[in-house]
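Q: Hey, can you walk me through this one? I'd like to ask things as they come up.

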Amino acid sequence: MPAEKYTAIYNDLKEKIEEGLYAPQSVLPTENVLTVRYGVSRNTVRRAIARLADESYVQSIHGKGVVVIYRKAPANMFSFDVIESMKEAAARNKRTYHTKVIHFTTFEVDEYLSKRTGFPVGEEVYYIQRVRYFDNIPMILDNNWFLTRVIPRLTPEIAEKSVYEYLENVVGDSIVTTRRTLTVEKITESDEKYLKLEDFGAVAVVTSETYNAAGEMFEYTQSRHRPDMFAFCSVARRKK
């Protein structure tokens, strides 16, 4: 029950902060006020506040109180420190979303692809090219390589919904770690064909290597983003 109470308080305060009822740089009600409002102990309130602080919604300042530091990010927002599918990112940002599969095939990894992706020579992989639409605007061109033995019986229909959902809920594997690299590259013919780039000569490229519970890289992805609708957010803290 205490865990449920603190989670409910956390969710309520988080929602109010995201909706702007507690504006940036405003101070949350005191612990005494919150304990009365929610009918809980001071420790329960502190747990909820601590979780908000861990997620960079608030910051406790001595002599002032708990200050709201959250600011609403641009709508097309992805995070470097969270592993989420594009479907999950769209839902979090309250955007409509769909995917169109352009290419779907399987083949064995050769030396060239092995050097590029890190997959061993001879492994069988799916190659999937997908266009990601947010609010019916083509924003991302994905080039995905997945190990077939880790994600068996993958189909274009599944790829248009969510490979991650299929892997976790049907295959029963876990997604644990992703290593990402961000670069800026000249546009390619595929970028021009599938993304509405207007006069842009470059795209933001996020290269991801994703590992499962066994510590094996099962996915190598290059996501090519429209630069005018690209924003990544990460929270950093200075080491003490």
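Q: What share of the contacts in the protein with a separation of 6 or more comes from residues 24 or more positions apart?
A: That share is 60%. Contact here means heavy atoms within 4.5 Å.

Q: Before we go on, what kind of model is this?
A: It's a predicted model, where local features need pLDDT of at least 70 and side-chain atom pairs count only at pLDDT 80 or more, while totals for chains, interfaces and linings use all residues. Residues are numbered from 1 along each chain as its sequence is written, and side-chain values use heavy atoms, with hydrogens and water left out.

Q: OK. How many helices and strands are there?
A: The protein has eight helices and ten strands. Both are DSSP runs numbered from the N terminus: helices are H or I with at least four residues, strands are E with at least two.

Q: And how much of the protein is buried?
A: Of its 240 residues, 42% count as buried. Buried means under 20% relative accessible area, exposed means over 50%, and partly exposed is in between, using a 1.4 Å probe and protein chains only. As for dimensions, the C-alpha trace spans about 65 × 45 × 35 Å along its principal axes.

Q: Let's do helices. At what angle do helix 2 and helix 3 pack?
A: Helix 2 (residues 31-38) and helix 3 (residues 42-54) pack at about 105°, and their axes are 9 Å apart. The axes are lines fitted to C-alpha atoms, for helices over the stretch in contact, and angles run from 0 to 180 degrees between N-to-C directions.

Q: What do you call that arrangement of helix 2 and helix 3?
A: Helix 2 is roughly perpendicular to helix 3. The cut-offs are under 35 degrees for roughly parallel, over 145 for roughly antiparallel, 65 to 115 for roughly perpendicular, and oblique for the rest.

Q: Which residues make the contact?
A: Helix 2 brings Glu 31, Asn 32, Leu 34 and Thr 35, and helix 3 brings Arg 42, Val 45, Arg 46 and Ile 49. Sorted by class, that's three nonpolar, two polar and three charged residues. Ala, Val, Leu, Ile, Met, Phe, Trp, Tyr, Cys and Pro count as nonpolar, Asp, Glu, Lys and Arg as charged, and the others, Gly among them, as polar.

Q: Zoom in on Thr 35 for me. Buried or exposed?
A: Thr 35 counts as buried, at 15% relative accessibility. Leaving aside neighbours within four places in sequence, Thr 35 is in contact with Val 40, Ser 41, Arg 42 and Val 45. Its C-alpha is 9.6 Å from that of Arg 46, eleven residues apart along the chain.

Q: New topic: how many aromatic pairs are there?
A: A search of the whole structure finds five. Rings of Phe, Tyr and Trp (its six-membered ring) pair if their centres lie within 6.5 Å; planes under 30 degrees apart are stacked, over 60 edge-to-face, and the rest tilted. One of the pairs is Tyr 127 with Trp 145, which is tilted, with 5.1 Å centre to centre and 40° between the planes.

Q: Where do Tyr 127 and Trp 145 lie?
A: Tyr 127 is in strand 5 (residues 124-134) and Trp 145 in strand 6 (residues 137-147), so the pair ties together parts that are 18 residues apart in sequence. Tyr 127 and Trp 145 are both buried. Ring pairs also link Tyr 127, Trp 145 and Tyr 220 into a cluster.

Q: What lies over the face of Tyr 10?
A: That's Arg 51, at 3.8 Å from the ring centre. A charge sits over a ring if NZ of Lys or CZ of Arg is within 6 Å of the ring centre and within 35 degrees of the ring normal.

Q: Back to strands. What does Thr 99 touch?
A: Not counting residues up to four places away in sequence, Thr 99 touches Arg 130, Val 131, Arg 132, Ala 159 and Glu 160. Thr 99 is found in strand 4 (residues 97-108) and counts as buried at 6% relative accessibility.

Q: Now loops. Where is Asp 135?
A: Asp 135 lies in the loop between strand 5 and strand 6, and it's partly exposed with a relative accessible area of 32%. Its phi is near 50°, a positive value in a residue other than glycine.

Q: And what about the phi of Arg 153?
A: Arg 153 has a positive phi of about 60°, although it is not a glycine. Arg 153 sits in the loop between strand 6 and helix 6 (156-161) and is exposed, at 66% relative accessible area.
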